[in-house]
Amino acid sequence: MVELANLLADRHAALSISVLIITTTSSTAAVPHPAAPRITLLHLTDENPPPAAAAGSVFAKIEARKPQIREAVSAAIGRSPDGARLAGLVLDMFCTSMADVAGEFGVPYYIFFTSAASDLGFISHIQQLHDESGFDVAEFEGNELAVPSWARPIPRWAFPPNIVNKEWLQLLYRIARVFRRARGILVNTVRELESCAVDSLSFTKVHPVGPILNLKAGAAAAGGGGVPEEEAIEWLDRQPESSVVFLCFGSMGAFREEQVLEIANGLEASGLRFLWGTRAGPTDYQDVREVLPKGFVDRTAGVGRVMGWAPQTIILAHKAVGGFVSHCGWNSTLESLWFGVPMATWPMYAEQKLNAFLLVHELEIATEIKIDYRNGEIVTAEEVERGVRRLMERDCSREERLKKFSDCIKKALMDGGSSSASIAEFIEGCKSSGGM
Ligand SMILES: O=c1ccn([C@@H]2O[C@H](COP(=O)(O)OP(=O)(O)O[C@H]3O[C@H](CO)[C@@H](O)[C@H](O)[C@H]3O)[C@@H](O)[C@H]2O)c(=O)[nH]1
C-alpha cells in the first residue's frame, strides 16, 4: 500500500494520501517510509482492541476496526488543504468490509489486488459460477476447470488449498462480490505479462499498475536464525557469477524439522552453491541451525550459507545468484522477474499453486521443484536435488522468454509504459468521479 501511495503521489502532484495501517498481533514486516510528505501513515494499533477483535479471523478483526477507520478518514479530510476533497478509498482484499465506509462518505472505493490478475480471474469466476448456477468448487471432481482469464484450463491440483474449507469459500465469495462493485481494481501486475487475464476481466475497470516493488528490501522480520545478513552478502560477493541457488519461501514459509532435513540433504547432494533463507517453525524450533542435519553447516561451509530473514531483493540483484527456489508468492515472483533470475517453484499455501502453474505452464519461464505440493507433504531430498540441478541447467528458450518478460516489466512504469498509462487512467477516473 505504501509503495502504491508512493507511485500515485509521484504521478499526480495534487494528490494527498493517507495510508491506514491496521496492526494485528501477527503483523511481522516493517512498514517502508513514504517517499513524499503528501503521504501520511496512520498506524491503527491494537492497544485497546474492541471486544469483537479478541477472537475470530483476521477479517473479523479488521471489520471490528470500522469505527476507527471512520474516525481516521474524517481526520484525514480535516487535515487536507482547503478545496481538496476525498477522492475515494483504496482497499486491499482483507479490508473489503470498509467498502461501506466509502459509501458513508459518498465516495467510490477501489481495490488494490496484490496477487496476479490471473488469480483475480480465478476468484471472480468461481464466485460467478457459484452465484449464477450453484457451482461448488469445493466439490468439483473434474480434472480441470476452464476459466476465461487463463489461456489453458486450470488443473484441480492448482486450486488454492483453502477452497475445500466451506466457511473460507463463503468468505472468498463475499470478497469477490465486493470486488465486482468496486469503481476499479488496481492490480500489481503488468499487462504484457498477463494480457489474457487483464483483457478478460470486464466486470469492473482493471488497472494493471505494477510492478510495485520495494527494491530497497524490507527490514528484517524476526526468526529463522542462521548467519547474519552482512556475512551472507560478503559470502555471496566471493562466489562466481550465476553460480548460487537462492532459496526463500516468503514471509511465512516455515518448514517442519523433517522437511528442513530433506532440503538440507538435497542441497548437499547436489553439490551446488546455495544461500537458504529460513523462517522459524511455529512450534518446532527458533533457529534453523537447531534442526539441520548434524555437521551440515561445517560440511557445506565451502559452498553454502543458511540464514534467517534474507534481504531478498538485494540477493536477487546480486550477480552471483543464478536461480531462485520460491514459494511463488506474487511479490517474490515479480522481484525474480525484475532481476531476471530463473525460478523453480515450490508453492506452499494461499494462491501460490496458481502462480506456479502460471509460471511453469502458461508463461513457461520457471521449472519446478514441486508444483502440486500438498500441505503436510514431504518433498524428498532427491526431489530437491533434481529440482535445483534442473534450475541451474542452461535452457536458452526459457531464458529468452524470461528476458522478454523481465524487459517488459522494467518498461511498464517508464514514460509510455503500459502501467504508467494505467495509473494515469486511474487518476483521471478519480478526477471525473468528482472526488479531486
Ligand atoms: O526472508 C525473506 C522473506 C521474504 N522477503 C520479502 O517479503 C516479500 C514476500 O512476499 P510474497 O512473495 O508475495 O510472499 P508472502 O509474504 O507469502 O505473501 C502473501 O501475499 C502475496 C500477495 O501479496 C501472495 O501472493 C502470497 O501467496 C501470500 O502468501 C517479498 O517482497 C520478499 O522480498 C524477504 O525480503 N526476505
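Trainee: In what order do the six strands of the open sheet run?

Mentor: The order is E11-E10-E9-E12-E13-E14, and the pairing is parallel. Keep in mind that this is a predicted model.

Trainee: Which are the edge strands there?

Mentor: Strand E11 (304-307) and strand E14 (366-368), each of which pairs on one side only.

Trainee: How are neighbouring strands of this sheet turned against each other?

Mentor: By 20° on average, with direction ignored.

Trainee: OK, E9 next. Is it enclosed or open, and why?

Mentor: Strand E9 covers residues 244-248, and five of the five residues are buried, so E9 is largely enclosed by the rest of the structure.

Trainee: Which residues sit on which side of E9?

Mentor: Val244, Phe246 and Cys248 are on one side, with Val245 and Leu247 on the other. Both faces are covered, and these residues are all buried.

Trainee: How does the chain get from E9 to E10?

Mentor: Through helix H9 (residues 257-270), as a right-handed β-α-β crossover.

Trainee: And how many bridges join E9 to E10?

Mentor: Four, and the two strands run parallel. Within that pairing, Leu247 stands opposite Trp276 in E10.

Trainee: What about E9 and E12, how many bridges there?

Mentor: Five bridges join E9 to strand E12 (residues 321-326), again running parallel. Val245 has Gly323 in E12 as its bridge partner.

Trainee: Back to Trp276. What is its bridge partner in E11?

Mentor: Val306. Strand E10 spans residues 273-277, and four bridges join E10 to E11 in parallel.

Trainee: At the E14 end, which strands does helix H13 lie across?

Mentor: Helix H13 (residues 352-362) lies across strand E13 (343-345) and E14. The angle between H13 and E14 is about 115°.

Trainee: Changing topic: what is the order in the open sheet of four strands?

Mentor: E3-E4-E7-E8, with parallel pairing. Its edge strands, each pairing on one side only, are strand E3 (89-92) and strand E8 (205-208).

Trainee: And how are its neighbouring strands turned against each other?

Mentor: By 25° on average, direction ignored.

Trainee: How many bridges join E3 to E4?

Mentor: Four bridges link E3 to strand E4 (residues 109-113), and these strands run parallel.

Trainee: Which residue in E4 does Asp92 stand opposite?

Mentor: Asp92 stands opposite Phe112.

Technical notes
Residues numbered from 1 in each chain as written. Predicted model: local features only at pLDDT ≥ 70, side-chain atom pairs only at ≥ 80, totals over all residues. Heavy atoms only, no water. Pairing = 2+ DSSP bridges. Axes fitted to C-alpha atoms, helices over the stretch in contact; angles between N-to-C directions. Contact = heavy atoms within 4.5 Å. Buried < 20%, exposed > 50% of the residue type's maximum accessible area, 1.4 Å probe, protein only. Right-handed = clockwise from strand over helix to strand, strands pointing away.
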